[in-house]
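The following report sets out the architecture of a two-chain model.

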Amino acid sequence: MRALLIRDLRLAMRAGGGFGLALSFFLLVAVLVPLGVGPEARVLALIAPGILWIGALLACLLSLDRIFALDFEDGSLDLLVTAPMPLEGVVSIKALAHWLVTGLPLTLLAPVLGVLLHLPGPGYGWLVVSLLVGTPALSVIGTFGAALTVGLRRGGLLMSLLVLPLYVPTLIFGAEVVKRGALGFDTTTPLLLLAGITLGAAALLPFASAAAVRINLR
Amino acid sequence: MELVVRDLAVARGGVRVLEGLSFSLSAGRALVLRGPNGIGKTTLLRTLAGLQRAEAGEMSLPPEAMAYAGHADGIKPTLSVAENLEFWAAVHGTVLTGAVLGAMDLAALADRPAQSLSAGQKRRLGLARLLVSGRPLWVLDEPTISLDAASVGLFVAAVRAHLAGGGAALMATHIDLGLAEAAVLDLAPFRATGGGFDGIADGGFGGGFDGGPAGAFG
């Protein structure tokens with residue numbers, strides 16, 4: 001298990017591994033939005049929580065098809081399925097590795113980009129907290145989508161269509177936490193719901209992902 | 001350890017290709033599967049390795065006893081030869097030793113990234129994974145593809161050592177390995193009746209090409 005995590009992290013860091021793809025996409029969104037919307041601080045402050053969460057979500061989506069596609073192409077997935085590890089554990093580790101190279105860096109980068117979008121002062125802490133709590137759900141749900149479409153040639157479009165609706169609750173509650181936090185309101189309810197989505201997804205979806213991989217390899 | 005297969009039926013893409021297949025393979029023995037392209041050698045090996053479900057029949061060994069090596073080697077191009085093998089060793093709870101690298105003549109290549117290897121060298125790396133898996137039954141699909149004569153010799157020596165150590169090997173191959181202790185199983189008598197294979201061989205293709213030269217596919 002630990003060997004798989006280390007391998008996946010190492011592969012992501014090496015040339016062509018895709019680390020930085022999500023980050024640079026997130027950066028581009030945050031840089032381009034003020035250019036497109038205009039420099040008015042009041043407008044930007046209003047849309048900043050939503051834009052930052054949408055940027056993080058799409059950046060996450062962009063890197064999903066790497067979770068299983070490369071392992072499927074070179075035959076590693078066959079070998080992982082026959083390895084002495086539960087497949088549920090394998091897909092969980094893959095989701096964790098995806099979060100460590102995507103969700104976690106996005107979370108750490110987000111406050112910097114918040115400055116570009118004039119995010120109000122009290123919102124920064126909530127932005128980091130909401131992304132920290134919410135992005136694991138994006139990785140786990142995304143792993144499920146990737147598992148459903150593994151083996152399909154150019155299944156990226158289908159995966160996006162499958163995954164996006166599942167991302168909607170995370171987006172709504174995640175952005176709501178930041179919005180309320182930025183305005184100084186109570187954030188307990190959306191934060192609890194966000195945590196609930198993450199915990200529920202992490203508890204249930206690995207079983208669905210493993211079943212989907214098994215069926216797709218058959 | 002003995003593999004006993006009784007009345008096995010396997011299907012590829014929902015079409016039954018082999019049925020009524022029974023054989024046994026005891027420790028220290030090797031069995032070579034023979035049969036024309038498309039008869040279901042790969043499907044049979046994948047079924048035994050647990051990647052597919054058998055349509056009918058039973059086998060005495062669980063997939064956990066088998067080390068499967070298919071057409072793809074499961075090599076990560078950006079990892080070095082040693083890193084690739086160390087990963088699979090860790091997954092199977094063994095350690096990579098110099099003897100393993102030596103057995104497949106990989107010692108000089110250990111620190112090279114796998115993407116810079118030739119096709120034959122990659123194949124040797126793929127076969128070295130069997131040695132670190134520590135599993136008793138090797139299930140090999142065309143193991144000698146892209147190997148030169150010297151490398152085939154290394155492979156045969158590795159199989160011999162594995163058999164001498166109480167292991168067993170089941171392989172599909174078209175070439176003569178010079179393995180005296182290997183029995184040969186011809187799959188032709190177990191071809192499923194009414195399956196897709198016969199339909200195609202009897203002109204299933206030809207019918208679709210109106211006006212083509214008669215017998216072009218025969």
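Helices (H or I, at least four residues) and strands (E, at least two residues) are taken here as DSSP runs, numbered from the N terminus. The model is predicted, so local features need pLDDT of at least 70 and side-chain atom pairs count only at pLDDT 80 or more, whereas totals for chains, interfaces and linings use all residues. Residues are numbered from 1 along each chain as its sequence is written, and chains are lettered from A and ligands numbered from 1 in the order in which they are written.

**Chain A**

Chain A has nine helices and zero strands; from the N terminus on, its elements run α-α-α-α-α-α-α-α-α. Its radius of gyration, taken over C-alpha atoms, is 18 Å. Along the principal axes, the C-alpha atoms of chain A fill a box of roughly 55 × 35 × 30 Å.

Of the 218 residues of chain A, 49% count as buried, that is, 20 or more other C-beta atoms lie within 10 Å of the residue's own, with C-beta atoms placed from the backbone. Two residues are in contact if their C-beta atoms, placed from the backbone, lie within 7 Å. Among contacts in chain A between residues at least 6 apart in sequence, 80% join residues at least 24 apart.

**The sheets of chain B**

Two strands pair if DSSP finds at least two bridges between them. Angles run from 0 to 180 degrees between N-to-C directions, and axes are lines fitted to C-alpha atoms, for helices over the stretch in contact. In chain B, five strands form an open sheet with parallel pairing in the order 5-6-7-3-8. Strand 5 (66–69) and strand 8 (182–186) of chain B each have a single partner strand, so one side of each is left without a neighbour in the sheet. From one strand to the next, the twist averages 15°.

An open sheet of three strands in chain B has the order 2-1-4, with antiparallel pairing. Its edge strands are strand 2 (15–26) and strand 4 (56–59) of chain B, and the twist averages 20° from one strand to the next.

| Strands of chain B | Sense | Bridges |
|---|---|---|
| Strand 5 and strand 6 (residues 137–141) | parallel | four bridges |
| Strand 1 (residues 2–12) and strand 2 | antiparallel | eight bridges |

B:Ala69 has B:Leu140 of strand 6 of chain B as its bridge partner, and B:Val4 is partnered by B:Ser24 of strand 2 of chain B.

**Helices of chain B**

Helix 1 (residues 41–48) of chain B lies across strand 3 (30–34), strand 5, strand 6 and strand 7 (168–172) of chain B, at about 150° to strand 6 of chain B. Helix 1 of chain B also lies across strand 1, strand 2 and strand 4 of chain B, running at about 125° to strand 1 of chain B.

The axes of helix 2 (residues 81–91) of chain B and helix 4 (residues 119–133) of chain B come within 9 Å and cross at roughly 35°. Residues making this contact include B:Leu85 and B:Trp88 of helix 2 of chain B and B:Leu125 and B:Val132 of helix 4 of chain B.

**Interface**

In the interface, 20 residues of chain B are in contact with 21 residues of chain A. Helix 2 of chain B gives the most to the side of chain B that touches chain A, with three residues.

Methods. Rg over C-alpha atoms; globule rule 2.2 N^0.38 Å. Buried ≥ 20, exposed ≤ 12 C-beta atoms within 10 Å, placed from the backbone.
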